[in-house]
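Dear colleague,

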Amino acid sequence: ELAIDLQKQYGHDLIVLSVHAGDMSAPQPGNFPNFLTNDGTTWYTHFGFDHNPIGTINRKLNGATVAFNSPEWSEAVASALQEEALLEMTPTIEYNPGTRNVKVDITSKFLAEMPDTYSLVVCIMEDSIVGKQIVNGVGTVNEYMHRHVFRGTMNGTWGEEINAEPIAPGQEIAKSYTGTLKETFNEDQCYIIAYVANSETKEILQVTEKKIK
């Protein structure tokens with residue numbers, strides 16, 4: 001709910017991805033939805049998370065960790081949005097509803113000299129999934145609206161490295177990926193969220209979002 005409030009405040013400047021991982025994300029008996037993914041579990045373990053709710057803000061460090069507890073999200077988001085963009089990302093999507101095949105083209109244009117190695121990660125997000133949820137102070141809600149649910153990556157947990165040499169200002173890097181949308185996903189509510197991150201630190205430098213259909 002806090003993430004949704006922040007998105008209402010900042011609009012498309014803030015892109016939210018809800019990753020279900022950790023003990024509290026294990027599906028309960030009684031027809032609760034299962035939103036666990038191998039990618040999400042790997043991220044949760046890699047960054048040493050040990051509780052929920054927890055958030056990352058572009059995976060920036062918060063002391064010795066990239067974890068931000070929910071009371072810290074508002075200030076961290078406001079601070080991140082003050083930073084100058086280092087690249088622009090342009091997504092193009094082709095979707096065939098008959099075969100459910102998805103083709104994603106991402107062009108990343110770098111606006112400054114970039115000395116490190118960077119990776120592009122392409123995620124599938126499904127929004128507005130109705131299903132059971134246990135809500136604090138309320139109990140089980142049968143028709144809870146799950147928002148911004150991470151469904152997995154199209155190009156691997158940590159994506160694909162997109163450069164071997166330093167990047168010059170104005171340089172563009174284009175990548176394409178294809179996949180098939182699972183039958184259990186609502187094609188009308190699925191989005192591509194793609195981001196470029198530092199390959200070593202995993203800090204996210206830029207992100208883009210586009211509806212599949």
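**What was found**

Ala-194 is found in strand S9, which covers residues 190-198, where helices (H or I, at least four residues) and strands (E, at least two) are DSSP runs, numbered from the N terminus. Please bear in mind that this is a predicted model, in which local features need pLDDT of at least 70, side-chain atom pairs count only at pLDDT 80 or more, and totals for chains, interfaces and linings use all residues. Residues are numbered from 1 along each chain as its sequence is written, and side-chain values use heavy atoms, with hydrogens and water left out.

Ala-194 has a relative accessible area of 0% and is therefore buried, a word that stands for under 20% relative accessible area, while exposed means over 50% and partly exposed in between, with a 1.4 Å probe and protein chains only. Leaving aside its neighbours within four places in sequence, Ala-194 is in contact with several residues, among them Met-89, Ile-106, Leu-120 and Val-207, where contact means heavy atoms within 4.5 Å. Ala-194 and Val-207 are 13 residues apart in sequence, and their C-alpha atoms are 5.6 Å apart in space.

His-20 lies in the loop between helix H1 (2-10) and helix H2 (38-46), and with a relative accessible area of 18% His-20 is also buried. Not counting residues up to four places away in sequence, His-20 touches Ser-25, Phe-35, Leu-36, Thr-37 and Val-149.

Turning to the aromatic rings, those of Phe, Tyr and Trp (its six-membered ring) pair if their centres lie within 6.5 Å, and planes under 30 degrees apart count as stacked, over 60 as edge-to-face and the rest as tilted. By this rule the count comes to 5 aromatic pairs. The rings of Phe-47 and Phe-49 are stacked, because their centres are 5.9 Å apart and their planes are at 25°. Phe-110 and Tyr-118 form a tilted pair, with 6.2 Å from centre to centre and 45° between the planes; Phe-110 is buried at 0% relative accessible area, and Tyr-118 counts as buried at 3%. Ring pairs also link Tyr-44, Phe-47, Phe-49 and Trp-158 into a cluster.

Finally, the charged end of Lys-202 sits over the ring of Trp-158, 4.5 Å from its centre, which is said when NZ of Lys or CZ of Arg is within 6 Å of the ring centre and within 35 degrees of the ring normal. The charged end of Arg-59 likewise sits over the ring of Trp-43, 5.2 Å from its centre.
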